[in-house]
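Please look over the sequence and the structure before reading on.

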Amino acid sequence: MSDETGTPAGPQPEPIRFFGTTWVEHDGGYAVRRAGVAAGSLAAAVAACFVLRFAYQGLAIADVGRLVTLLLVVMFAVCSALAFRHTLETFSKRPDPDRQASLRGLLAIGFIGSLLAYFLRSLTEAPGERLHREEYEAARTQYERRSKRRTRNPSKKRTG
């Protein structure tokens, strides 16, 4: 069944950033998009590392001391590791909005970890594809089960 626009009846797939709904059938340049997302996220992570290197050199020139430099490096490393783990988790389950809001600062500081997680996931699938596919297939199955029960005309119901 489909409506007059050609859209099939029932639940529709949720679009994924940079991929739209091409993840459903892996069509419409899906492989090229995945390669582009992987290359783009890796290039952004490398560029971010250069920016952080310049910041580190600025601290060395300012001669702020070893303790401040060490604390800054540890902060970026820890935040990046936490952001990496959190980003990978969001690809397999929906994040809690309140927790997401409370982690916003940490994720901003550890943006390199998020970029690297995006890169690694792009090597195997569109980031978040597995989660979206599971939800879409469950919705389709539920819709088909419900529509099978309603195939008969209730006005022709037997009374016996």
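Which residues are buried in α6?

## Helix α6

In this predicted model, E129, L131, H132, Y136 and Y143 of α6 are buried, where buried means under 20% relative accessible area, exposed over 50% and partly exposed in between, with a 1.4 Å probe and protein chains only. They cover an arc of only 160° around the axis, which puts them on the same side of α6, the arc being that of the directions from the helix axis to the C-beta atoms. On the other side of α6, R145, K148 and R149 are exposed. The buried residues of α6 pack against α1 and α2, with contact taken as heavy atoms within 4.5 Å.

## Helix α1

Helix α1 runs over residues 30–62 and reaches 47 Å from its first C-alpha to its last, close to the 48 Å expected at 1.5 Å a residue; the expected span is 1.5 Å times one less than the number of residues. Helices are DSSP runs (H or I, at least four residues), numbered from the N terminus.

Its buried residues, among them Y30, R34 and L59, pack against α2 (66–90), α5 (111–122) and α6 (129–149). Just after α1, D63 takes a positive phi of about 55°.

## Basis of the values

Residues are numbered from 1 along each chain as its sequence is written. Local features need pLDDT of at least 70 and side-chain atom pairs count only at pLDDT 80 or more, whereas totals for chains, interfaces and linings use all residues, and side-chain values use heavy atoms, leaving out hydrogens and water.

Terms used. Helix = DSSP H or I, 4+ residues; strand = E, 2+ residues; numbered from the N terminus.
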